Amino acid sequence: MEWNPETLQFLSQCFLHTLSPLPEPRRAAEKSLSEAADRPNYGLAVLRLVAEATVDDQIRHAAAVNFKNHLRFRWVPSNDSNAGPTLIPILDPEKEQIKALIVSLMLSSSPRIQSQLSEALAVIGKHDFPKAWPTLLPELVASLQKAAQVSDYASINGILGTANSIFKKFRYQYKTNDLLLDLKYCLDNFAAPLLEVFLKTASVIDSAIASGGGSAATLRPLFESQRLCCRIFFSLNFQELPEFFEDHMREWMGEFKKYLTINYPLLESSSDGLAVVDELRAAVCENISLYMEKNEEEFQGYLNDFASAVWTLLTNVSLSSSRDKLAVTAMKFLTTVSTSVHHALFGSDGVIPQICQSIVIPNVRLREDDEELFEMNFVEFIRRDMEGSDLDTRRRIACELLKGIATNYKKQVTDIVSIQIQNLLASYATNPTVNWKDKDCAIYLVVSLATKKAGGTSVSTDLVDVNSFFTSVIVPELQSPVNGSPMLKAGALKFFTMFRSQIPKPVAFQLLPDLARFLAVESNVVHSYAASCIEKLLLVKDEGGKARYTSADVTPFLHLLMNNLFNAFKFQDSEENQYVMKCIMRILGIAEIPNDIAGLCIDGLTSILNEVCKNPKNPIFNHYLFESVAVLIRRACERDISLISAFEGKLFPSLQIILANDVTEFLPYAFQLLAQLVELNRPPISPNYMQIFVLLLSPDSWKRSSNVPALVRLLQAFLQKAPNEVNQEGRLNQVLGIFNMLVSSPSTDEQGFYVLNTVIENLDYAVIAPYMPNIWKTLFMRLQNNRTVKFQKSLVIFMSLFLVKHGATNLVDTMNSVQPNIFFAILEQFWIPNLKLITGAVELKLTAVASAKLICESPVLLDAAAAKHWGKMLDSIVTLLSRPEQERVEEEQEMPDIAENVGYTAAFVKLYNAGKKEEDPLTDIKDPKQFLVASLVRLSSLSPGRYPQIISENLEPANQAALLQLFGTYNCSMV
């Protein structure tokens, strides 16, 4: 795309129309820009448009946004085949021109455009900096020094913002030599200029404050500059303490302390100004926390002053939500100190009570913001309150501070908090209507300070006796009118959920009708917590792993529970409530499901499914929805097969919508449910299923990698239930074509073997015999080209299955038909060495029995010329059967195929309740060790004296001893 007046006009018009409120011109402009983006130098042309001062600012801003996104997707395009069509990348000459222009243009732009170009620059920096863009940092430093000389803080902050973006990579990446080399380059070039501008700005702030001549407008960019310097400090110090920063620690720490201890009334008198100062203080707290965690020894000289400063700051920070970030980062710093070797700061008389009274309790109490969140955004409230994503909320971090102090002062903390809890409950008792927040605070303290037992879900607390607290504080709340004090109800339900393992079954069981009542409460949080409580209760296990609650406990309340659960979806904002759906799934997995409940559930679930198909937006809800359908099919239809046709009638329209509309998120689920239904059917398979079978055999169905495991699962179901139909109209050829495609790639070869194994298990030998030479050729070709350990193990399992189904002679003959004597080559190079790597009870039995049959029944191995192969094969069988898995399997992680994994998508999610039952092809053989011993005894009786010699020559001494032990176990011996 050439830069000329026509291009300027074309792009300006397009970007103007993208801002149109009318859909037609907007879509036409977006289409034109999308097509133009494929042309060379498009990005450069858009950047030049952004630089045109004569163009309207709105158009230039739209162009800057487009330029940033163009770079994001095309600087280094994604190879993910599931992410849409492959985009044409920006060519190197255009990249170089963009890099030459962008810094100066960014610095001369208005703030709105500058922020977009700064993000665009960070996109380039992520891929090219520093190695492929060595001029960037020197250019930024020169621009920073030039801007600092004239105190141009618009440019200074633009440069610091860009530097902050490109240095962020040092924060959370693993420490590698390459990363440290990049970090050293940045430190060598930027550490000194950073300190210089930081101290200069500090001096300007001090002068303005001292003279009284500053204003909020002049101070605001200065404080923003200091905040950016602090964020860059954090990035450059994250990996380790650089020498430059250690040498200049006094200057940095002096300024840090000043910002925590000095007030700035000119700014702090307005909410906007206070936010600017608080952001700087929060950045300082993050920096001193970093030093406390990583550079404790070097930092200890400053620790007392900072601990005192932060403590004082916290006692003066109001409870306004606008100050949350500062309060949280400050408490995190004190928490870090409390668990360090310097915890004695908290050990002095009166310190812990004061922290509890002035910092913890005020920050744990509910605020108006919490009440608003409870009412207006229940999903976010639950995410913070129940799911532990509230680490950055005042309530949670205040409790973390107490836990930190309790690490070294447990008794003092327990005593003080216990007294606080009793005081709060006493206050509530004097006036429950007014003082309900005191009770909520008491419950929250008990729940949040509980400790989880290692390796389990149960929790414990020293603050209260759980059962007496439950009886006196929680139960009255659960048995009071359901619509009163919803936040207290939520707190009580959360306590019940948290301590569910410690509540005796008779007590909890009596409350089940109360929990069911709460499902009908309009408050989204309350009915969500009630559903979660029921669901978690049903998972409780007693000692020995036995479920505490069984179908007999749930069934009496089943109608009430299911009616209330499905009705909960009718409440506003709970149409896709994942907690309610998970509860339905859990109950269906435990209760006995009578036909009327099965009908209610399938109607409710398919109605919801039809709705979410229109716009899938909540993947967790959708997963539990499909799991609920799967568990309903499994438990109801297996109990009463007459329900199958009714279920098909309800589900088929929904599944057809998914297939017809290509609802990509749901396709893997739909295929798994269809597999379940096919497996429940009795032959002959209905025409509806045969239509799906035809679709399944189309190569187009297999193009999306996320669908493959589910399609394989469905194909296996058809192979098992309709083997005769498979052998008609060339379908077997199509099935083997799918196997061929899957097995040729390391990312899907295992799925290919699932298909092949199912063919071998379910079709007669006469049907598959003509295809065997080509199957072997495909497998041998893959062995030759890419023999991964996983593939070789799968091959051993396949050969074993073929042998037990169709005999050793057919196995040997079909392999040798591809190439004379190739059987022995495969046996020696792959079967014998990989047999010991087999894992899984069914697979171990199958391969051990097949290998025993091979050496005891196959003429080619009973031939005297094959004595060595016979002996080595027995050696491998004994290793497999006698040694623990960890001794014989030393499997290294295989190097992933990068080209294939780039396109991997995690869209396939296995349905637990639609899982394929593992089938044992050798149900008549219970003990593979006994089978081996019996086979060897029978064989040796036909040729006395022959086999002991072969064994002594070919088996390792340890395996000879193990074999003797096996014979002794079954009171047998070889002759």
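Predicted model: local features only at pLDDT ≥ 70, side-chain atom pairs only at ≥ 80, totals over all residues.
## The largest cavity

Let us start inside the protein. Searching the whole structure turns up three cavities of 30 Å³ or more. The largest cavity holds about 120 Å³ of space. Its lining is made up of 13 residues, and those closest to the centre are Asp385, Arg395, Asp440, Tyr444 and Gly491.

Which elements give two or more residues to this lining? They are helix H20 (378-385), helix H23 (436-448) and helix H25 (486-498). By class, the lining of the largest cavity has eight nonpolar residues, one polar residue and four charged ones.

## The second largest cavity

Next comes the second largest cavity, with a volume of about 60 Å³. Lining this space are Ala508, Phe509, Leu512, Ile534, Leu537, Leu538, Tyr549, Asp553 and Val554. Two or more lining residues come from each of helix H26 (505-510), helix H28 (524-537) and helix H29 (551-554).

Eight residues of this lining are nonpolar and one is charged, while none is polar.

Helix H30 spans residues 558-568, and its buried residues are Leu558, Leu561, Met562, Asn564, Leu565, Phe566 and Ala568.

## Where H15 meets H16

A pair of packed helices can be described by the angle and the distance between their axes. For helix H15 (residues 271-294) and helix H16 (residues 296-316), the axes come within 9 Å and cross at roughly 140°. This crossing of H15 and H16 is left-handed.

Which residues make the contact? From H15 come Arg281, Cys285, Ile288, Tyr291, Met292 and Lys294, and from H16 come Glu296, Phe299, Leu303, Phe306, Val310 and Leu313. Nine residues of this contact are nonpolar and three are charged, with no polar ones.

## A look at Gln792

Our last stop is Gln792, which sits in helix H43 (residues 789-806). Is Gln792 buried or exposed? Its relative accessible area is 10%, and because buried means under 20%, Gln792 counts as buried.

What does Gln792 touch, once residues up to four places away in sequence are not counted? Its contacts are then Leu783, Arg787, Phe830 and Asn834.

How values were computed. Residues numbered from 1 in each chain as written. Heavy atoms only, no water. 1 Å grid on protein atoms, 1.4 Å probe; cavity = no way out; pocket = protein on both sides within 12 Å on 5 of 7 lines; lining within 4 Å. Points joined across faces, edges and corners; volume = space filled by probe spheres on them. Helix = DSSP H or I, 4+ residues; strand = E, 2+ residues; numbered from the N terminus. Nonpolar A, V, L, I, M, F, W, Y, C, P; charged D, E, K, R; others polar. Buried < 20%, exposed > 50% of the residue type's maximum accessible area, 1.4 Å probe, protein only. Axes fitted to C-alpha atoms, helices over the stretch in contact; angles between N-to-C directions. Left-handed = near helix turned anticlockwise from the far one by under 90°. Contact = heavy atoms within 4.5 Å.
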